[in-house]
Amino acid sequence: MARSKTTLIDPDVQLLQALGHPSRLSIVRELTAAGTVCACDFTTCCDVRQPTVSHHLRILKEAGVIEAERRGTSIVYRLVPAAAERLRAIAGELAGSPQLIPVGALRPPATGGTRPAAG
């Protein structure tokens, strides 16, 4: 059965789904090491072409994991600190620690459109 485009996804699920792909995890690791990275530089860490990198960057951005900033003709990306904190809180919950950050703290800004749910 197909899901509706308006299906709401738990922000924690969206965060974990975004990190659950090898290329997206490579992008996040690259950002963790470098701080900020130009979009054109991700093709070396992921071993994929630029259109595929752009697709993965969009998913990470929609999940609130990364943010983008235009610098001249380039776009640079960096991790959203709240995403790392939310991931720590999820891991803590799984280990039996109390929730540190409310789920609502990791809500990406409204963009006016919705992306169909995977599945």
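In the predicted model, S23 touches C46, V48 and H56, leaving aside residues up to four places away in sequence. Contact here means heavy atoms within 4.5 Å. S23 sits in helix α2. Its relative accessible area is 8%, so S23 is buried (buried, under 20% relative accessible area; exposed, over 50%; partly exposed, in between; 1.4 Å probe, protein chains only). Local features of this predicted model need pLDDT of at least 70 and side-chain atom pairs pLDDT 80 or more, whereas totals for chains, interfaces and linings use all residues. Residues are numbered from 1 along each chain as its sequence is written, and side-chain values use heavy atoms, without hydrogens and water.

The protein chain has 5 helices and 3 strands. Their order from the N terminus is α-α-β-α-α-β-β-α. Helices (H or I, at least four residues) and strands (E, at least two) are DSSP runs, numbered from the N terminus. Of the 119 residues, 30% are buried. The accessible surface is about 7600 Å², computed by the Shrake-Rupley method with a 1.4 Å probe; for residues, only the protein chains shown count as cover. Carbon and sulfur atoms hold 56% of that surface. Among contacts between residues at least 6 apart in sequence, 54% join residues at least 24 apart.

Strand β3 (residues 74–79) pairs with two strands. Pairing requires at least two bridges found by DSSP. Strand β1 (residues 36–38) runs antiparallel to β3 over 3 bridges. Strand β2 (residues 66–71) is also antiparallel to β3, with 6 bridges. V76 in β3 stands opposite C38. V76 is also the bridge partner of E69. β2 and β3 form a hairpin with 2 residues between them. In the turn, G72 has a positive phi of about 65°.

The second largest pocket holds about 160 Å³ of space. Contributing two or more residues each to its lining are α1 (11–19), α2 (22–34) and α5 (81–94). The largest share, 4 residues, comes from α5. Lining residues include L15, L19, L25, V28, L87 and R88. By class, the lining has 10 nonpolar residues, 1 polar and 1 charged (nonpolar: Ala, Val, Leu, Ile, Met, Phe, Trp, Tyr, Cys and Pro; charged: Asp, Glu, Lys and Arg; polar: the others, Gly among them). On a 1 Å grid over the protein atoms alone, a pocket is an open set of points where a 1.4 Å probe fits, with protein on both sides within 12 Å along at least five of seven lines; lining residues have an atom within 4 Å of a point. Grid points are joined across faces, edges and corners, and the volume is the space filled by probe spheres set on them.
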